[in-house]
Amino acid sequence: MRDEAPDWEFKERDVLILRELSRDPQLSSRDLARILEDEHGIEVSHVTVSESIRGMREEGVFREAIIPNEEYFIFGMFEFKINPEHFDEHWREAMEAIRDSPNTLMYFLSDGEYQWKSVMMFPDRVSESKWIHDFYKEHGRIVQNIRNSVVHNVLKFRTDPEILETLHEQED
């Protein structure tokens, strides 16, 4: 993962490519070139489309992740309340354990209370309980509490192509 923001100047075609890929990540560069011409009046070769995708990928404009269908896993929202007494000595290993866990889908900081939060996925509730138990055993000095909420009935799990239009608007 990159530490800095991508340095990319969006062309209209770049945004359209991202929008089409968010609709269908399996589209080939030939399909994308055809869609750009048929639906948007932009004539461009599939090689140019491929180069644009590769450039955006290398610059970190978008991330590629394989996310299994939500029917295969249970999801939980975890909130970690930190014990400031042991923060200085133990924060890094606890943070890395959460970040590097194969169960962690997304990990972030929020709130004025400096809370660590993650969206995690497990094959079943027993695995989730075992993860919490093992985490407390290993990192209990730094964590005062883990609050986990069951995420059920996932109703939306994708990026809508329309939100990507704002990327080109920011450049104007």
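The model is predicted: local features need pLDDT of at least 70, side-chain atom pairs count only at pLDDT 80 or more, and totals for chains, interfaces and linings use all residues. Residues are numbered from 1 along each chain as its sequence is written, and side-chain values use heavy atoms, with hydrogens and water left out. A search of the whole structure finds 11 salt bridges. Helix α3 packs against α2 at an angle of about 110°, and the axes of α1 and α3 cross at roughly 85°.

**Helix packing**

- Two packed helices are described by the angle between their axes and the distance between the axes.
- Helices (H or I, at least four residues) and strands (E, at least two) are DSSP runs, numbered from the N terminus.
- Axes are lines fitted to C-alpha atoms, for helices over the stretch in contact, and angles run from 0 to 180 degrees between N-to-C directions.
- Helix α2 spans residues 29-40 and helix α3 spans residues 46-59. Their axes are 8 Å apart, at an angle of about 110°.
- That angle makes α2 and α3 roughly perpendicular to each other (65 to 115 degrees; under 35 counts as roughly parallel, over 145 as roughly antiparallel, and the rest as oblique).
- On the α2 side, the contact is made by Ser 29, Arg 30, Leu 32, Ala 33 and Leu 36. On the α3 side, His 46, Val 49, Ser 50 and Ile 53 take part. Contact means heavy atoms within 4.5 Å.
- The axes of α1 and α3 come within 11 Å. These two helices are also roughly perpendicular to each other.
- From α1, the residues that meet α3 are Arg 13, Asp 14, Ile 17, Leu 18 and Leu 21. Their partners in α3 are Thr 48, Val 49, Ser 52, Ile 53 and Met 56.

**Two further views of helix α3**

- Thr 48 is found in helix α3. Thr 48 is partly exposed, at 24% relative accessibility (buried means under 20% relative accessible area, exposed over 50%, partly exposed in between, with a 1.4 Å probe and protein chains only).
- Thr 48 and Pro 161 are 113 residues apart along the chain, and their C-alpha atoms are separated by 21 Å.
- Arg 57 also lies in helix α3. Its relative accessibility is 39%, so Arg 57 counts as partly exposed.
- Arg 57 touches Phe 62 and Glu 64, not counting residues up to four places away in sequence.
- Arg 57 and His 133 are 76 residues apart in sequence and 38 Å apart in space, C-alpha to C-alpha.

**Salt bridges**

- A salt bridge is a side-chain nitrogen of Lys or Arg within 4 Å of a carboxyl oxygen of Asp or Glu.
- Arg 19 and Glu 165 pair through their side chains at 2.7 Å, N to O. Arg 19 lies in helix α1 (residues 12-23) and Glu 165 in helix α6 (residues 165-171), so the pair ties together parts that are 146 residues apart in sequence.
- Arg 19 is buried at 16% relative accessible area, whereas Glu 165 is partly exposed at 25%.
- Glu 162 and Arg 23 meet in a salt bridge at 3.8 Å, N to O. Glu 162 sits in the loop between β4 (143-151) and α6, and Arg 23 in helix α1, 139 residues apart.
- Both partners are partly exposed: Glu 162 at 48% and Arg 23 at 44%.
- Arg 125 and Glu 128 form a salt bridge at 3.0 Å, N to O. Both lie in helix α5 (residues 125-139), 3 residues apart, about one turn of the helix.
- Arg 125 is partly exposed at 36%, but Glu 128 is buried at 4%.
- Salt bridges that share partners join Glu 20, Arg 23 and Glu 162 into one network.

**Strands and surface**

- Ser 118 lies in strand β3 (residues 115-122). Ser 118 is buried, with a relative accessible area of 0%.
- Leaving out residues up to four places away in sequence, Ser 118 touches several residues, including Gly 76, Phe 78, Ile 98, Met 106 and Phe 108.
- Met 106 is found in strand β2 (residues 104-110). Met 106 is partly exposed, at 47% relative accessibility.
- Met 106 also belongs to a nonpolar surface patch with Ile 67, Leu 105 and Phe 157. Together the four have about 340 Å² of accessible area, from the Shrake-Rupley method with a 1.4 Å probe, where for residues only the protein chains shown count as cover.
- Patches are made of residues with over 30% relative accessible area and no salt bridge; like charges are joined within 9 Å, and nonpolar side chains (Val, Leu, Ile, Met, Phe, Trp, Tyr) within 5 Å.
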